[in-house]
Amino acid sequence: MNKEELLKLIATRGYNVYFGAKKHFATYDIIEKLPRALALFGVFIGVFQLWQTKFPYNDIVSFMLVIAGIYAYTITQYDAEKKMYDEVGAKLVQIHNGLHNLYLAVKSSNANSFANEEAQLQKFMDEYYSIAISKQIFFSHTVAHFKFFGESQIEWMDEQLNFTWKDKLPKIYKLLFFIIFISIILAVLTFLVIVGISKLNKIKGG
């Protein structure tokens, strides 16, 4: 493996490890903070509903509160493991820092062979795979996205991976945009069909 290929591989592995760390921290933050936030929000909404008993959307609001309550309950199932997510996230950051140092060492090297560096890279990845937790909470990927691109120093990885705005946009937003776009198209087509049928009926009636 030549120098350019190794640099790109280290950057790619660095991205995977650091995003994994952010995902662990996101899961920890959701477990730690979201149930309390949902409970407080539910109290505020409940008081509002008692005050505005004739609010036309009370049924919908109550339904959404039930959904939020169910989600909060599923989050509490992770409560006993939340400390582990924080600890593993910290260890993954250490691995990422090691990969960063390895990247800088290879970048500044004039060697033609990098067998030792490749072995070190494999050692870092073996450690990553041995401690990373595959079970993550719902929405942790989206939160991790914002943590990674909004809070992190990722310039050294960007040198090789050249992140674009598409990479920085969470996949769930892309899916929502696609659903909204299709919904608008269907709504417009439905409207045109209704207008067309209405005109035909007027012509027949005339």
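Me: Is Lys107 buried, exposed or partly exposed, and at what relative accessibility?
Reply: Lys107 counts as partly exposed, because its relative accessibility is 40%. Buried means under 20% relative accessible area, exposed means over 50%, and partly exposed is in between (1.4 Å probe, protein chains only). This is a predicted model: local features need pLDDT of at least 70, side-chain atom pairs count only at pLDDT 80 or more, and totals for chains, interfaces and linings use all residues. Residues are numbered from 1 along each chain as its sequence is written, and side-chain values use heavy atoms, with hydrogens and water left out.

Me: What does Lys107 form a salt bridge with?
Reply: Glu159, with the closest N and O atoms 3.0 Å apart. The pair links distant parts of the chain: Lys107 sits in helix 3 and Glu159 in helix 6, 52 residues apart. Glu159 is partly exposed, at 42% relative accessible area. A salt bridge here is a side-chain nitrogen of Lys or Arg within 4 Å of a carboxyl oxygen of Asp or Glu. Helices (H or I, at least four residues) are DSSP runs, numbered from the N terminus.

Me: How many salt bridges does the structure hold?
Reply: It holds 3. Asp29 forms one with Lys147, the closest N and O atoms being 2.8 Å apart. Asp29 is in helix 1 and Lys147 in helix 5 (residues 140-151), so this pair ties together parts 118 residues apart in sequence.

Me: Are Asp29 and Lys147 buried or exposed?
Reply: Both are buried.

Me: And which residue forms a salt bridge with Glu32?
Reply: Lys82, with the closest N and O atoms 2.7 Å apart. Again the pair links distant parts of the chain, Glu32 in helix 1 and Lys82 in helix 3, 50 residues apart. Glu32 is partly exposed at 22% relative accessibility. Lys82 is buried, at 19%.

Me: Switching to helix 3. What should its 27 residues span?
Reply: They should span 39 Å at 1.5 Å a residue, and the end C-alpha atoms are 40 Å apart, which agrees. The expected span is 1.5 Å times one less than the number of residues.

Me: What do its buried residues pack against?
Reply: The buried residues of helix 3 pack against helix 1, helix 4 and helix 6 (155-161). Among them are Tyr85, Leu92, His96 and Tyr103.

Me: What does Val93 touch?
Reply: Tyr18, Ala21 and Phe25, not counting residues up to four places away in sequence. Contact means heavy atoms within 4.5 Å. Val93 lies in helix 3 and is partly exposed at 22% relative accessibility.

Me: Now helix 4. Which of its residues are buried?
Reply: Leu121, Phe124, Met125 and Tyr128. They cover an arc of only 95° around the axis, which puts them on the same side of helix 4. That arc is taken from the directions from the helix axis to the C-beta atoms. On the other side, Ala115, Asn116, Lys123 and Ser130 are exposed.

Me: What covers the buried side?
Reply: The cover includes helix 1 (3-51) and helix 3 (82-108).

Me: Last topic, the nonpolar surface patch. Which element gives the most to it?
Reply: Helix 2, with 6 residues. The patch is about 1,100 Å², and its residues include Phe48, Trp51, Phe63 and Ile67. Patch residues have over 30% relative accessible area and no salt bridge, with nonpolar side chains (Val, Leu, Ile, Met, Phe, Trp, Tyr) joined within 5 Å and like charges within 9 Å. Areas come from the Shrake-Rupley method with a 1.4 Å probe; for residues, only the protein chains shown count as cover.

Conventions: Helix = DSSP H or I, 4+ residues; strand = E, 2+ residues; numbered from the N terminus.
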